[in-house]
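This report describes the fold, the sheet, the core and selected residues of a single protein chain. The sequence and the structure are shown first.

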Amino acid sequence: MIEVAVKTNVEAAHTDAVGRVHGHSYVVEVWFGEGADLVTLAAFVRDTATEVDHSMLENSIGSSKMESLAAWFLSKIPLSVRVVVSRPTLGFSACAYRD
Ligand SMILES: [Zn+2]
């Protein structure tokens, strides 16, 4: 199986477990099956990212968690097969798959 991906970035804030508000730079990879029109999909992925870019995650997606951000992108982009959201400076990643 071959998959292709579109990568974008999201800057967003959230509240941590002790109530501190702070921001992160997230890298979002949206994966598609072979043959996807990446030019069209890249524009769609970037348009979708603007909905959460520079937002408070609890307000924009209803959760502060990186894995919820991956699931949110997966739900918004119908042709995607999986979404990987990373925080590269910490080595953290979360992935959401379409069943
Ligand atoms: Zn944080």
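Helices (H or I, at least four residues) and strands (E, at least two residues) are DSSP runs, numbered from the N terminus. Glu-67, for example, lies in helix H3.

## Basis of the model

The model is predicted: local features require pLDDT of at least 70 and side-chain atom pairs count only at pLDDT 80 or more, while totals for chains, interfaces and linings use all residues. Residues are numbered from 1 along each chain as its sequence is written.

## Overall fold

The protein chain contains three helices and five strands, and their sequence order is β-β-α-β-α-α-β-β. Its radius of gyration is 13 Å, close to the 13 Å that the globule rule gives for 99 residues, so the chain is as compact as a globular protein of that length. Here the radius is taken over C-alpha atoms, and the rule is 2.2 Å times the number of residues to the power 0.38. Along its principal axes, the C-alpha trace spans about 45 × 25 × 25 Å.

Two residues are in contact if their C-beta atoms, placed from the backbone, lie within 7 Å. Among the contacts of the protein chain with a separation of 6 or more, 58% link residues 24 or more positions apart. A residue is buried if 20 or more other C-beta atoms lie within 10 Å of its own, exposed if 12 or fewer do, and partly exposed in between, with C-beta atoms placed from the backbone. By this criterion, 22% of the 99 residues are buried.

## The sheet

Strands pair if DSSP finds at least two bridges between them. The five strands form an open sheet in the order E3-E1-E2-E4-E5, with mixed pairing. E3 and E5 are the edge strands, each pairing on one side only. H1 packs on the sheet and touches E1 and E2, and its direction makes about 5° with that of E1. This angle is taken between N-to-C directions on a scale from 0 to 180 degrees, using lines fitted to C-alpha atoms, for helices over the stretch in contact.

E1 and E2 run antiparallel and are joined by 13 bridges. Along this pair, Glu-3 stands opposite Gly-33, Val-6 opposite Val-30, and Val-10 opposite Tyr-26. The hairpin of E1 and E2 has five residues between the strands, and Gly-19 takes a positive phi near 90° in it. E1 also pairs with E3 (residues 55-56) in the parallel sense over two bridges, where Ala-12 has Ser-55 as its bridge partner. E2 pairs with E4 in the antiparallel sense over six bridges; there, the bridge partner of Val-27 is Ser-86.

## The nonpolar core

A nonpolar core is a set of buried Ala, Val, Leu, Ile, Met, Phe, Trp, Tyr and Cys residues joined through C-beta atoms within 7 Å. The largest such core has 20 residues, of which Val-28, Leu-69, Phe-73 and Val-83 touch the most other members. At least two core residues come from each of E1 (3-15), E2 (21-33), H1 (38-50), H3 (66-76) and E4 (80-87). H3 gives the largest share, six residues. In soluble globular proteins, nonpolar side chains tend to be buried together.

The buried residues of H3 are Met-66, Leu-69, Ala-70, Trp-72, Phe-73 and Leu-74. Their cover includes E2, H1, H2 (57-60), E4 and E5 (92-97). Not counting residues up to four places away in sequence, Val-83 touches Val-28, Glu-29, Val-30, Trp-31, Ala-70, Phe-73, Leu-74, Cys-95 and Ala-96.

## Two individual residues

Is Glu-67 buried or partly exposed? Glu-67 is partly exposed, because 14 other C-beta atoms lie within 10 Å. Leaving aside residues up to four places away in sequence, Glu-67 touches Ala-94 and Ala-96. The C-alpha atoms of Glu-67 and Ser-93 are separated by 8.1 Å, although these residues are 26 residues apart along the chain.

His-54 is located in the loop between H1 and E3. His-54 is exposed, because 11 other C-beta atoms lie within 10 Å. Phi of His-54 is near 55°, a positive value in a residue other than glycine. Most residues other than glycine have a negative phi.
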